[in-house]
Amino acid sequence: HFEPSWPPVYEDIVFHLRLPRVVGGALVGAALAAAGVLFQGLLRNPLADPYIIGTSSGAFFGISLAMIFLPLTFSFFGFGITSITAFCGSLGAVFLVYNLARIGGRTPVVSMVLAGFVVGAFLTAIAWFLLSVSGDLHQRFNEVFSFLMGGIRVSNWQQVTILAPLILVSIALSLFFVFHLNAFSLGEEGAAYVGVDVERDKLLILTLGALLTASAVCIGGLIGFVGLVIPHVTRLALGPDHRLLLPASVLAGASFLVLADLAARTAISPQQLHLGILTALIGAPVFIYLLRRYRKEYAF
């Protein structure tokens with residue numbers, strides 16, 4: 001036993017301010033990486049990321065509605081109104097896309113991607129229109145810019161204790177679908193041939209990916225490239241087997257985003273760099289390098 005040689009305020013800063021942000025960053029990174037693996041496997045598209053089917057635009061639309069029509073001072077279990085509406089908007093956009101793409105009891109992958117693009121563009125246009133005609137866009141610009149550029153917005157343990165079970169349970173449930181994701185690599189007919197209920201699994205995997213993405217957006221805004229690059233890097237290191245790919249991507253995504261958040265806070269201290277800017281600055285060159293280096297060896 002020894003007496004601490006540091007002021008009590010240091011403990012408060014570490015355990016009640018810094019540590020929740022670190023845990024929040026790890027949760028966001030794990031959620032985005034897992035969602036990237038799920039969507040890439042489900043859509044059989046190496047360019048798929050967690051925002052491919054309208055989650056980002058839905059979140060932006062939800063935030064714009066909150067800024068115009070709801071009191072910004074409202075909070076629920078430590079979450080501001082913009083975080084809540086971003087979560088709801090993300091989920092709403094995904095299920096709108098799913099229902100639009102559903103044709104005769106089936107949901108073709110190409111239709112889902114196209115519907116995601118159209119719905120995303122439409123919701124983004126509406127959001128900017130509402131903000132533009134509201135009359136005080138300049139006053140709200142900082143909040144909008146902060147959301148679009150991304151950043152870990154965790155200020156207390158209450159936020160972590162609510163989102164952590166949702167993210168961790170969604171990841172755990174995703175592990176039950178790793179064999180099905182492997183089967184989807186054979187195509188929908190091949191997956192059905194080996195016993196996969198294709199349409200049911202599409203809906204379940206889509207729901208898990210949407211929950212993970214919405215949870216990440218709720219406390220992280222739009223952080224790009226994590227859900228795209230991390231699965232690719234992990235796939236090149238370990239191969240395309242989702243039994244290894246999914247858990248490894250979760251760990252890699254969590255580690256990467258914690259380190260990226262640390263760099264964003266300290267790189268240009270005392271100012272802070274927006275996390276989404278830093279992940280793009282790192283992710284884009286890495287992705288280009290992977291395309292150039294492994295274009296003849298890549299297996300998806």
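This is a predicted model: local features need pLDDT of at least 70, side-chain atom pairs count only at pLDDT 80 or more; totals for chains, interfaces and linings use all residues.
User: Which secondary structure elements make up the chain, and in what pattern do they follow one another?

Analyst: The protein chain holds twelve helices and two strands. Along the sequence the pattern is α-α-β-β-α-α-α-α-α-α-α-α-α-α. The radius of gyration is 20 Å, close to the 19 Å that the globule rule gives for 300 residues, so the chain is as compact as a globular protein of that length. The C-alpha trace spans about 65 × 55 × 35 Å along its principal axes.

User: How should I read the nonpolar core, and which residues have the most contacts inside it?

Analyst: The general idea is that nonpolar side chains tend to be buried together in soluble globular proteins. Here the largest nonpolar core has 77 residues, and those with the most contacts inside it are Val 28, Ile 53, Phe 147, Leu 206, Leu 212 and Ile 223. Helix H1, residues 8-43, gives the most to this core, with 13 residues.

User: Which residues make the nonpolar surface patch?

Analyst: Val 14, Phe 15, Leu 19, Val 22 and Trp 157 make a nonpolar surface patch of about 390 Å². Helix H1 gives the most to the patch, with four residues. Val 22 is placed in helix H1, and Val 22 counts as partly exposed because its relative accessibility is 34%.

User: How are salt bridges to be read, and how many does a search of the whole structure find?

Analyst: In general terms, side chains of opposite charge can pair when their charged atoms come close. A search of the whole structure finds eight salt bridges. One of them joins Asp 261 and Arg 21, with the closest N and O atoms 2.9 Å apart. Asp 261 lies in helix H11 (residues 242-266) and Arg 21 in helix H1, so this pair ties together parts that are 240 residues apart in sequence.

User: Is Asp 261 buried or exposed?

Analyst: Asp 261 is buried, because its relative accessible area is 4%. Arg 21 likewise counts as buried, at 16% relative accessibility.

User: Which residues are linked in a network of salt bridges?

Analyst: The network links Arg 102, Arg 106, Glu 188, Glu 199 and Lys 202. Within it, Arg 102 forms a salt bridge with Glu 199, the closest N and O atoms being 3.8 Å apart. This pair links distant parts of the chain, 97 residues apart: Arg 102 is in the loop between H3 and helix H4 (109-133), and Glu 199 is in helix H9 (residues 198-220). Arg 102 counts as partly exposed at 34% relative accessibility, whereas Glu 199 is buried, with a relative accessible area of 17%.

User: Where is Gly 150 found, and which residues does Gly 150 touch?

Analyst: Gly 150 is in the loop between helix H5 (137-149) and helix H6 (157-174). With a relative accessible area of 3%, Gly 150 is buried. Not counting residues up to four places away in sequence, Gly 150 touches Gly 220, Gly 221, Leu 222, Ile 223, His 274, Leu 275 and Gly 276.

User: Why does Ser 83 count as buried?

Analyst: Ser 83 counts as buried because its relative accessibility is 9%, and buried means under 20%. Ser 83 is found in helix H3 (residues 81-101). Leaving aside neighbours within four places in sequence, Ser 83 is in contact with Arg 153 and Cys 218.

Note on methods
Residues are numbered from 1 along each chain as its sequence is written. Side-chain values use heavy atoms; hydrogens and water are left out. Buried means under 20% relative accessible area, exposed over 50%, partly exposed in between (1.4 Å probe, protein chains only). Contact means heavy atoms within 4.5 Å. A nonpolar core is a set of buried Ala, Val, Leu, Ile, Met, Phe, Trp, Tyr and Cys residues joined through side-chain atoms within 4.5 Å. Patches are made of residues with over 30% relative accessible area and no salt bridge: like charges are joined within 9 Å, nonpolar side chains (Val, Leu, Ile, Met, Phe, Trp, Tyr) within 5 Å. Accessible areas come from the Shrake-Rupley method with a 1.4 Å probe; for residues, only the protein chains shown count as cover. A salt bridge is a side-chain nitrogen of Lys or Arg within 4 Å of a carboxyl oxygen of Asp or Glu. The radius of gyration is taken over C-alpha atoms; the globule rule is 2.2 Å times the number of residues to the power 0.38.
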